[in-house]
Amino acid sequence: MIPGINLLNVALGVIGSQPVEYYRDTGVSVTLENGVVRRKYAAGVTIPKCSVQAVSRDSADRRGLDVNADYVEWFVPRDIVGLGRDKSGDEIEWDGRRWKIIGHYENWAGQDGWCCGLFQEIKPNASRS
C-alpha cells in the first residue's frame with residue numbers, strides 16, 4: 001500500500017458510490033421526562049460519495065455479533081466519530097433505515113483521507129442511548 005493514496009476513491013471509481021445521510025454525535029445528551037438519557041446528533045448531512053457494504057451472517061457470527069441483527073460497514077472519505085469515552089458514536093441513514101456505529105472503527109482520514117466503521121441497524125422503538 002502506498003501511504004497517501006486514497007484507496008477508497010480508487011475503489012469508488014470501480015464499484016460506484018452511494019449517498020448516505022450522516023448524523024454526527026454532538027457529545028451532548030438530554031434527559032427526557034421519563035428519565036431516559038438520549039444523545040443529541042447534529043443535523044443530517046448528505047455524504048454523496050461513499051460505500052456501504054453488508055456484513056454477512058457468517059461474518060457477524062465470526063466477529064461474535066448478534067446474528068439476528070443487521071450490520072453494514074460504511075467506508076467514507078472523511079473523519080467520523082467512533083465509540084469512545086463520553087461518546088455514543090455517529091449514526092447514518094441508508095437504504096431507508098437508521099444505523100449506529102458499534103465498533104470496528106478504522107481512521108485513515110489523516111493519512112489516506114477515509115474512515116470505516118461497523119454499524120448496526122437501529123430497529124424502530126429501540127433505545128439510542
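Where is Ile 102 found? Please go on from there to the charged residues and the cysteines.

Tutor: Ile 102 is found in strand 7, residues 97–108. Helices (H or I, at least four residues) and strands (E, at least two) are DSSP runs, numbered from the N terminus. First, a word on the model. This is a predicted model, numbered from 1 along each chain as its sequence is written, and its local features need pLDDT of at least 70. Side-chain atom pairs count only at pLDDT 80 or more, totals for chains, interfaces and linings use all residues, and side-chain values use heavy atoms, leaving out hydrogens and water.

The protein chain averages a pLDDT of 80 (the predictor's confidence in each residue, from 0 to 100). Of the residues, 74% score at least 70. Where pLDDT is low, the predicted coordinates should not be read in detail.

Back to Ile 102. Its relative accessible area is 28%, so Ile 102 is partly exposed. Buried means under 20%, exposed over 50%, and partly exposed in between (1.4 Å probe, protein chains only). Tyr 71 is 31 residues away from Ile 102 in sequence, and the two C-alpha atoms are 9.4 Å apart.

Next, Asp 70. Asp 70 sits in the loop between helix 2 (57–62) and strand 5 (71–76). Contact means heavy atoms within 4.5 Å. Setting aside neighbours within four places in sequence, Asp 70 is in contact with Arg 57, Arg 97, Trp 99, Phe 119, Gln 120, Glu 121 and Lys 123. The side chain of Asp 70 makes a polar contact of 3.0 Å with that of Arg 57 and another of 3.5 Å with that of Arg 97. A polar contact is a pair of N or O atoms within 3.5 Å; within protein, one must be able to donate a hydrogen and the other to accept it, and residues adjacent in sequence count only if both atoms are side-chain atoms.

Now the salt bridges. Side chains of opposite charge can pair when their charged atoms come close. A salt bridge is a side-chain nitrogen of Lys or Arg within 4 Å of a carboxyl oxygen of Asp or Glu. The whole structure has 11 of them. One joins Arg 57 and Asp 70 at 3.0 Å, N to O. That pair links distant parts of the chain: Arg 57 lies in helix 2, Asp 70 in the loop between helix 2 and strand 5, 13 residues apart. Arg 57 is partly exposed, at 43%.

Arg 97 meets Asp 95 in a salt bridge of 3.6 Å, N to O. Arg 97 is partly exposed at 28%, while Asp 95 is exposed at 54%. Arg 57, Asp 70, Asp 95, Arg 97, Glu 121 and Lys 123 are linked in a network of salt bridges. Arg 98 forms a salt bridge with Glu 91, with the closest N and O atoms 2.8 Å apart. Glu 91 is buried, at 0% relative accessibility.

Last, the cysteines. There are 0 disulfides (pairs of cysteine sulfur atoms within 2.5 Å). Cys 115 is in none; its nearest cysteine sulfur, that of Cys 116, is 8.6 Å away. Cys 115 is buried because its relative accessibility is 0%. Cys 116 is likewise in no disulfide, with the sulfur of Cys 115 nearest at 8.6 Å. Cys 116 is buried, at 2%.
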